Amino acid sequence: MKTGHLHPSTKTLRELISYFEELGFAVFEGPEVDDEWHNFDALNVPSDHPARDEQDTFYLKDTRLLRTHTSNVQLRAAKEISPPIKVVIPGKCYRNEATDDTHETTFFQIDGLYIDKDVKVGNLFWAIEMILKKLYGEKVEYRMRPHHYPFVEPGFDVDIKRGSKWLEVLGSGMVHPKVLKNMGLDPDVYSGFAFGLGPDRMMMQKYHIKDIRQIWQSDLRFLRQF
């Protein structure tokens, strides 16, 4: 009789969480259905930002929405935990977008948040490097590119080498002073970094999966390979 096994997506998610726990991060969770304040406003996302449009976000009839990122939990973590704040926030997210081999409407994300006195961008770079090497080995090829996100300043995208191409796996940056204020923290005293990584894309790289849509299709021919 054949026994069951963990889905590769679940396995990768648990591996990543365990790596962060080794670095001293605690796990913090929050709601998948949320309000605009926690999902957008508190994170310094402008009222006219394209991410708020119905073609990008799933809105419910009562004005709530399906969260577009696990960053919606950052404010809750900061309200419950006094600095130093060092948490990872795993969970499922939803975006109303076209699907292709690297994009899905439903996906997992892990948000990371570290806030304390005198946190610098070098701390962010170190944490990212440690996680990538834990997952892919010491010889992993990756690059960091400047990128604008409303909730961080400066911001960076991180890509890993996938064959001859680069695959974006996470966005990151230093927590924006306005976000720190919304957390009830003084940006003149505290600083921090945040990141949001895609376990599903990292799983694709690790297990050589070419199409992210296979993850959600419950195809036994696909699942039995793992």
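Predicted model: local features only at pLDDT ≥ 70, side-chain atom pairs only at ≥ 80, totals over all residues.

Trainee: Why is F125 called partly exposed?

Mentor: Buried requires under 20% and exposed requires over 50%. The 30% of F125 lies in between, so F125 is partly exposed.

Trainee: What makes F156 count as buried?

Mentor: Its relative accessibility is 13%. The cut-off is under 20%, so F156 counts as buried.

Trainee: Why is the pair of F125 and F156 called edge-to-face?

Mentor: The ring centres of F125 and F156 are 5.2 Å apart, and a pair needs centres within 6.5 Å. Their planes stand at 75°, and planes over 60 degrees apart count as edge-to-face, so the pair takes that label.

Trainee: Which parts does the pair of F125 and F156 tie together?

Mentor: F125 belongs to helix α4 (residues 121-136) and F156 to strand β7 (residues 152-162), so the pair links parts 31 residues apart in sequence.

Trainee: How many aromatic pairs does the structure hold?

Mentor: Seven aromatic pairs. One of them joins F20 and F195.

Trainee: What makes the pair of F20 and F195 stacked?

Mentor: The centres of the two rings are 5.3 Å apart and the planes meet at 20°. Planes under 30 degrees apart count as stacked, so F20 and F195 form a stacked pair. F20 lies in helix α1 (residues 8-22) and F195 in strand β9 (residues 191-197), so this pair ties together parts 175 residues apart in sequence. F20 and F195 are both buried.

Trainee: How do you know that the charged end of K86 sits over the ring of F25?

Mentor: The charged end of K86 is 5.2 Å from the centre of the F25 ring, and the distance cut-off is within 6 Å. An angle within 35 degrees of the ring normal is also required. The charged end of K86 also sits over the ring of Y114, 5.4 Å from its centre.

Trainee: Which residues have the most contacts inside the largest nonpolar core?

Mentor: That core has 29 residues, and those with the most contacts inside it include L16, F20, I110 and L170. Its largest share, six residues, comes from α4. A second, separate core has 24 residues, among them A42, V45, V87 and F151.

Definitions and conventions: Residues numbered from 1 in each chain as written. Heavy atoms only, no water. Phe/Tyr/Trp six-rings, centres within 6.5 Å; stacked < 30°, edge-to-face > 60°. Helix = DSSP H or I, 4+ residues; strand = E, 2+ residues; numbered from the N terminus. Buried < 20%, exposed > 50% of the residue type's maximum accessible area, 1.4 Å probe, protein only. Core = buried A, V, L, I, M, F, W, Y, C linked by side-chain atoms within 4.5 Å.
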